[in-house]
Amino acid sequence: IAGVPSTVVSQWKVESASTRDLMVNFHRGLISPAGTKPTKSDALRQAALKLMRNPATSHPFYWAGFVLVGDGG
């Protein structure tokens, strides 16, 4: 009742540099040009895809542990 509608959580202990990159990309994805606002789940997906494309963070250890809990809209 008094909480937030959604949150991004990790399912296991995560590496801090890749987590920073994922969260920065996630929040940048939420800020979009007028008329093209993505959903939270889409923003998280795009942030994870960006990590997957980077050879240094392509292993699932760096991106697969994050899930959106709650309202994905």
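E15 caps the N-terminal end of helix α1, with a side-chain oxygen 3.4 Å from the backbone nitrogen of A17. This is a predicted model.

**Helix α1**

The helix covers residues 16-30 and holds 15 residues. At 1.5 Å a residue, α1 should span 21 Å. Its end C-alpha atoms are 21 Å apart, so the two values agree.

Which residues of α1 are buried? They are S18, T19, L22, N25 and F26. Seen down the axis of α1, the buried residues fall within an arc of 135°, so they line one face of the helix. In general, an α-helix has 3.6 residues a turn, so residues three or four places apart point the same way.

S16 and R28 lie on the other side of α1, where they are exposed. What covers the buried residues of α1? The cover includes strand β1 (6-10), helix α2 (40-53) and strand β2 (66-70).

**Residue S6**

S6 sits in strand β1. Its relative accessible area is 16%. Buried means under 20%, so S6 counts as buried.

Which residues does S6 touch, leaving aside its neighbours within four places in sequence? S6 is in contact with K40, L68, V69, G70 and D71.

Terms used:
Residues are numbered from 1 along each chain as its sequence is written. This is a predicted model: local features need pLDDT of at least 70, side-chain atom pairs count only at pLDDT 80 or more; totals for chains, interfaces and linings use all residues. Side-chain values use heavy atoms; hydrogens and water are left out. Helices (H or I, at least four residues) and strands (E, at least two) are DSSP runs, numbered from the N terminus. The expected span of a helix is 1.5 Å times one less than its number of residues. Buried means under 20% relative accessible area, exposed over 50%, partly exposed in between (1.4 Å probe, protein chains only). The arc is that of the directions from the helix axis to the C-beta atoms. Contact means heavy atoms within 4.5 Å. A polar contact is a pair of N or O atoms within 3.5 Å; within protein, one must be able to donate a hydrogen and the other to accept it, and residues adjacent in sequence count only if both atoms are side-chain atoms.
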